[in-house]
Number of protein chains: 2
Amino acid sequence: MSGEITDKVGGRELDLEDSQRVHKVGVPPKQKLSTEFAATLKETFFHDEPLRHFKGQAKSRQLVLGLQALFPILDWGRDYNLSKFRGDLIAGLTIASLAIPQDIGYAKLANLDPQYGLYSSFVPPLVYAFMGSSRDIAIGPVAVVSLLLGTLLQNEIDSSNKVEYRRLAFTATFFAGITQVTLGVLRLGFLIDFLSHAAIVGFMAGAAITIGLQQLKAIAPLISVIFATLFVFITHADMHGVAIVNKIKKGVNPASANQIYFTGGYLLKGFRIGVVAGMIALTESIAIGRTFAAVKDYELDGNKEMVALGTMNIIGSMTSCYVATGSFSRTAVNFAAGCNTAVSNIVMSFVLLLTLLVITPLFKYTPNAVIASIIISAVIGLIDIEAVILIWKIDKLDFIACMGAFFGVVFISVEIGLLIAVGISFAKILLQVTRPRTALLGKLPKTNVYRNIQQYPDATKVPGILIVRVDSAIYFSNSNYVKERILRWLIDEEEEVKANKQTRIQYLIVQMSPVTDIDTSGIHALKELYRTLQKREIQLVLANPGRAVIDKLYASGFANLIGDNKIFLTVADAVLAYAPKTEEP
Amino acid sequence: MSGEITDKVGGRELDLEDSQRVHKVGVPPKQKLSTEFAATLKETFFHDEPLRHFKGQAKSRQLVLGLQALFPILDWGRDYNLSKFRGDLIAGLTIASLAIPQDIGYAKLANLDPQYGLYSSFVPPLVYAFMGSSRDIAIGPVAVVSLLLGTLLQNEIDSSNKVEYRRLAFTATFFAGITQVTLGVLRLGFLIDFLSHAAIVGFMAGAAITIGLQQLKAIAPLISVIFATLFVFITHADMHGVAIVNKIKKGVNPASANQIYFTGGYLLKGFRIGVVAGMIALTESIAIGRTFAAVKDYELDGNKEMVALGTMNIIGSMTSCYVATGSFSRTAVNFAAGCNTAVSNIVMSFVLLLTLLVITPLFKYTPNAVIASIIISAVIGLIDIEAVILIWKIDKLDFIACMGAFFGVVFISVEIGLLIAVGISFAKILLQVTRPRTALLGKLPKTNVYRNIQQYPDATKVPGILIVRVDSAIYFSNSNYVKERILRWLIDEEEEVKANKQTRIQYLIVQMSPVTDIDTSGIHALKELYRTLQKREIQLVLANPGRAVIDKLYASGFANLIGDNKIFLTVADAVLAYAPKTEEP
């Protein structure tokens, strides 16, 4: 039927009776309030249907499934075999060899003694192996979180005050874990999506530069020694200028649950630092997890992941660990070395255990410069020039966010950089919800398709009819803007029409396809638009309002106000009904 | 051309060559970065083109236009005549008679002596008459702002400490004005749009109830006296139980610029209170102004309005006034009494001046109960039951916001109610940007139109093709959700297909019409979607990407990744190209 009409619009005879046979805009059956509310709740918090596998199962089976959901190792462990272990063993040994020098360096970024870095690569990976759902992530301290934690803690207690500083570090770690578990359990994982990709790219690069510059200070003596050796070959250059790692305490993690501040002024400070560090740690880990899950094509449950990371940090805070998370450099190495499951984390963990028990004192003689080189090579991976170029190409506002975060970290401080990143991200959201796009539509030649005339310069306007598309849900945050913007289009068009002595605008068709929802403020704005148009003797016509919108247009009485014969399925139908007769042959 | 294709999709022969003649998706000409940036800036801050009248005018004319923009009275004053004045005079006298008792009562709500209410109805309306662009608003103290200011000030200084309390009130008024002017000059007026209509309705109703209950306490003695008089007619009931207004100071506004705290601890407190009170005052005034502007069909420039309101409060704070704004009850009376321009405010102002100079002492004998009755009748208008019912009908989330604000004000406090209103408004925005809607599309019978199958139950799916529409710009805040939701649709569909032994899904068409923009995170999510689909041997096809989106699909290389023959102008075109051969006759 529409096919026939199309042909007619295409230039043949117009039969108005036909337009009455046009498919009507569907009004969905009224839902019960409870159903509607439950559906909204589900889409907001349970859109991934975490319980879909539980449906219609026996109670005992549900218990097994529940345990498997909490401890994925019970699931994938059943298929575990020797060939998988071979890959995990090699990967585990590889990441352990990378982890040991990194941990020593990262602990220093956090202003902690080297062994605390090693501790944090022993307990948390073990916990994660049982609870995590990523097969590739390597767990341990990471550069950015260590730097952030070090800066934030130092603001509260000077790190020379070792005991209190350490206690605050454990307190922060504890609350970082609590934050992560809470976000996961309350299914608020989407909150970390508010840190935009661009802002993270900038923040990471800035942190990498900051860390790199810090480490260069350690390398400098070595370089000077090498140069000295080369140029003054005959003189006996003493190596005593090269700093070495301080003594590392031997033995496994001591308990530290009693050191966490559960009362007093440091409780609140630890809590605040923990929330920030926990969020940043989550962001890094989830981003890495998602990337590798996409490469290997398996699903990563964000909320479950948060519970796993949180639990491991809570347990960590009680066993002398500081905030651990998924490490970018080690995860990449883990993946490249052929890991198959989280068992590689267990292998790494055991190597760390042996190291702590047996060979730790040997590391005493590692030159700081070597540690620094390893850290620099690790953080260089955090500077993603390609991503920055892509961001520049795609979205200039994103680029500003990226650069803001980058320069904030490099020239001011880690916190300010973070603040800039979050601030710009929020500004972008505000912009999105307050200033939606609108477009004038025209008819593509030889079709009955109406498109943005700025995108399709060959699209032509229909005389006497102005077609405007609103590209967003109409909510309180933008309803006034949308109304004013539509009127502005109209005024501009009327001026043009007047100047060119064309047909007076008699119909304003609002293409509502992209208007996915409308609220009371939106209806209010539409009513004001309708009243203003009425005074100008212009008819308001709506095309293709969606499911939620048509519902509310009727509920509010607006559909009856403008007359429901003014609501069409497509712009083409509306144009067909109102196109001036001069168009007919 | 599309007409012909339509017919074929309608059941006749499929000619694949035809699909190549289909109109291509338009790639708009690349804009220069500066042009693009300027356009974004303009739409954000200058979408109303405040300078459009200035274009192409001589310098002297531009000066006149500039002055007229700042002082609209210079514009409308030229056409002012006696017949207009008649209306304004009657309206002005009417609102003055209402203003005097209201002002006395409202000053009490703000814990100030009665004359400060009268002062605030003298200077600010005069300033507004010169600078404001509304023809109907009546300026003066209003109930809600007075109550809010009284509560906030009382939290800082006890009102029994009259001098300091008053100084803080002037300080808050000064900064309320500064806030309003700043918002207007920086063109950030859209920030007040973040208070949703529903939240305001609830907040206003709650404030009205609170004020009403306070005033009832004053009326109660009068009622008891009346009852006593009726029932104990013979006894000589003394009227001394009825409280009267305290002494009102005679004379015009004293200067108060020197009383504003520009240093010390109260500076910050005054600033904070001023910002809150200024924003609420703006919200009320702009809402009222817009309503009446729509009724009489003239334009109200929100940003200019803010400058006018702000200036009048700054001047007010230096002449012993507290925060004034557009009053709901008096504006309605002003309109009903036939006001034509802001001259009615000038008339009211002069009546207030005479009152202050001559008859103020007489008001001493007004029973508080009379004042209370007048205030109650004024605030009752703030309870908009009809609006609440409409909100319930249209949007349940809005209703929750409305009720939250209402009960917050009534049962806790004005600030908490306000906080709840703002909080729920923000939560709604977060929901909007993190959880956009998606829909499965089906073909409407006998058309080539594809619509949501939940809205149109007679729409049918195309075998082997899944068509999903994404109903929002894809930004960092929702990109992961969108990707996961699309995959969830796919998994559900595949399960159904398997159960019913239908054609395996081979194509996933994403209808992009409502996707008005995409950022780097969005492109990232699309790439992940593409990779996942590739592994499942499903082709990703896009239909009708908009102007900004197509630009970015090419800039990021995504269009080349999926192949630009996979991007179609309409869903119908895409289906035509990929519909299974079994469909052919």
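In which loop of chain B is B:Lys501 found? I looked it up: B:Lys501 sits between helix 20 (479-500) and strand 6 (507-511) of chain B. Helices (H or I, at least four residues) and strands (E, at least two) are DSSP runs, numbered from the N terminus.

I noted that this is a predicted model, where local features need pLDDT of at least 70, side-chain atom pairs count only at pLDDT 80 or more, and totals for chains, interfaces and linings use all residues. Residues are numbered from 1 along each chain as its sequence is written, while chains are lettered from A and ligands numbered from 1 in the order in which they are written.

I checked confidence next. Chain A averages a pLDDT (the predictor's confidence in each residue, from 0 to 100) of 81, and 85% of its residues score at least 70. Residues 1-21 of chain A fall below 50, and this stretch has 36 contacts in the model beyond near neighbours in sequence; a contact puts two C-beta atoms, placed from the backbone, within 7 Å. I read both ipTM and pTM as 0.71.

I then looked at backbone angles. Most residues other than glycine have a negative phi. Phi of B:Lys501 is positive, near 55°, and that of B:Ser320 is positive too, near 60°. I found B:Ser320 in the loop between helix 13 (302-317) and strand 2 (325-326) of chain B.

Is B:Ser320 buried or exposed? B:Ser320 counts as buried because it has 25 C-beta neighbours inside 10 Å. B:Lys501 is exposed, with 6 other C-beta atoms within 10 Å. I used these cut-offs: buried at 20 or more other C-beta atoms within 10 Å, exposed at 12 or fewer, partly exposed in between, with C-beta atoms placed from the backbone.
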